[in-house]
Structures are given as structure tokens and as C-alpha cells.
Amino acid sequence: ATAGYVALLSIDGMENEVLFLDAGGRPCKVNPELPMPIRGLREVAYSSKETVYDNSFSSSKWMEFMPEGHVPLDNVLFAPLTVEGRVVGVMGLANKAGDFTPEDARLATAFSNFAAIALRNARNLDRLKESQRNLVRAQVQAGMGSFVLDLNENRVEVSDGLFEVFDILAEHDDSRNPLSFFPESFTSKIQSLMDVAEESREPIETEMVLPVSKTKEMTIRVQV
């Protein structure tokens, strides 16, 4: 195919939002900012959740849905992007030299599945980053902090908020173990937990009450 695009379903489910578009060098006078409604052969791909194609597109009933000035289409193939059983977008191919075949449909389905997995991973990463931003905001508002222990990489990450809880400047020496900056009453409990996790090689999740000062305590959740 010489032309194609990848689009995602809009939040309201009424139209496509184009991520990538290549007209294949043929003239197209349609404003790319115009909405791309879910209709015609594209709608069949969405509703059936299957790859569909038409090798006589220019003389088919689907032409009534084409806007004036659209790039000429000899043949068209649509493969849905499906994430967890829900179609979230579509990949469109057009103007193949010769007809689309069942093998083309099979390959397009496989490719769209890979694209859907990449899309899902990207969305999960975006959600994770947003969750991390929300956690930082919550820590700032609550005057608390957090830390992560990674025994596999022998790594300890401590948030600036936790340094502030213990009145330690965040501009610390990164070459030192971050836990070395905290009171022994804090680090001894964490070290004990790390020893148990390292010995058992089993994940541990628990809550610990740690003294911040003589009059203040902090409950934290630890995952190792």
C-alpha cells in the first residue's frame, strides 16, 4: 500500500483522531483538521473488531461517505487496534498495487495487534507518570515523603519530601547511601526489613510506625 494512517478513537467515541497520515504522494485537498467520523467501511472494522478491505473502493457504496477533495482511493483496508477487547483505534491502508488479499488482512491484523500493545504500554506509562506526580503532590501537601528499595539493583531512592520530614537538606551527597542521612532508629528497621527480603527473596509489603521526633510519628508503607 502507498497510503495509510493510524488513528485513535476520540473520548466521545464519535470520530477518529489521527496520529499519523501519509497520502502516498497523491493530491488531497481535505483539511486535515476536519473531524474523521466513524462511518462507512471504517465503522465495519470498529463494530466487527476484524480487519476488512474493499478492492473496488472507488466504485463502492462507501464512496458516499468520502469528503470532497479526498485523495483518490483504489482499494482500502482497515485493521482495528484492540486493547483488552475494546477497539481504541484503527489502522488504514490504501492504494495497494493490485488487490488486498486474505494474507494482507492477516498481516495487517498482526501488525495492528503489535501497535495496540505499544499503545497500551504507552498509556500505562502515562498513567504511572501521572500517579507519581499525584504522589509527589500529596506528599508535599501532607508534609510526608517516600522511598523505594530495589534489592535487584542494590538501589535506594529517597524523595525530597522524606528528607524534609527529618529536617535534612535535599541537596545531599548522591555518592552516599541515602539511608545514611536518617536517624538510626529509622535505618535499623529498614535494614532489618531489607535483610529479611534479601534472604527470603520473597516480596514484602508492610506498614511501619517510625519516630520523626520526640513528639511526632509517621506511618509508612514499605514494599521490598
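**Legends to close-up views of a predicted model**

**View 1. K96 and D104 form a salt bridge.** The closest N and O atoms of K96 and D104 are 2.4 Å apart; a salt bridge here is a side-chain nitrogen of Lys or Arg within 4 Å of a carboxyl oxygen of Asp or Glu. K96 is partly exposed, at 21% relative accessibility. Buried means under 20% relative accessible area, exposed means over 50%, and partly exposed lies in between (1.4 Å probe, protein chains only). This is a predicted model, in which local features need pLDDT of at least 70 and side-chain atom pairs count only at pLDDT 80 or more, while totals for chains, interfaces and linings use all residues. Residues are numbered from 1 along each chain as its sequence is written, and side-chain values use heavy atoms, with hydrogens and water left out.

**View 2. A salt bridge joins the side chains of R106 and E103.** The N to O distance is 2.6 Å. R106 and E103 are separated by about one helical turn because they are three residues apart in helix α2. Helices (H or I, at least four residues) and strands (E, at least two) are DSSP runs, numbered from the N terminus. R106 is partly exposed at 47% relative accessibility, and E103 is partly exposed with a relative accessible area of 39%. The structure holds two salt bridges.

**View 3. Six strands form an open sheet.** The order is β3-β2-β1-β6-β5-β4, with antiparallel pairing; two strands pair if DSSP finds at least two bridges between them. The edge strands, β3 (36-37) and β4 (52-54), each pair on one side only. β1 and β2 (residues 15-22) are antiparallel and share six bridges. In this pair, Y5 stands opposite L21 of β2. Helix α1 lies across β1, β2, β3, β4, β5 and β6, and runs at about 160° to β4. Such angles run from 0 to 180 degrees between N-to-C directions, with axes taken as lines fitted to C-alpha atoms, for helices over the stretch in contact.

**View 4. The largest nonpolar core has 19 residues.** A nonpolar core is a set of buried Ala, Val, Leu, Ile, Met, Phe, Trp, Tyr and Cys residues joined through side-chain atoms within 4.5 Å. The residues with the most contacts inside this core are Y5, L41, Y46, F57, L73, V76 and F78. At least two core residues come from each of β1 (3-9), α1 (40-48), β5 (76-83) and β6 (86-94). β1 gives the most, with four residues. Apart from this core lies another, of six residues, including V83, V88, A116 and L119. In soluble globular proteins, nonpolar side chains tend to be buried together.

**View 5. F57 is in contact with L41, W62, M63, M66, L73, D74, N75 and V76.** This list leaves aside the neighbours of F57 within four places in sequence. Contact means heavy atoms within 4.5 Å.

**View 6. E84 and N95 have positive phi values without being glycine.** Phi of E84 is near 55°, and that of N95 is about 60°. E84 lies in the loop between β5 and β6, while N95 is in the loop between β6 and α2 (102-142). Is each residue buried or exposed? E84 is exposed, with a relative accessible area of 72%, whereas N95 is buried, at 5%.
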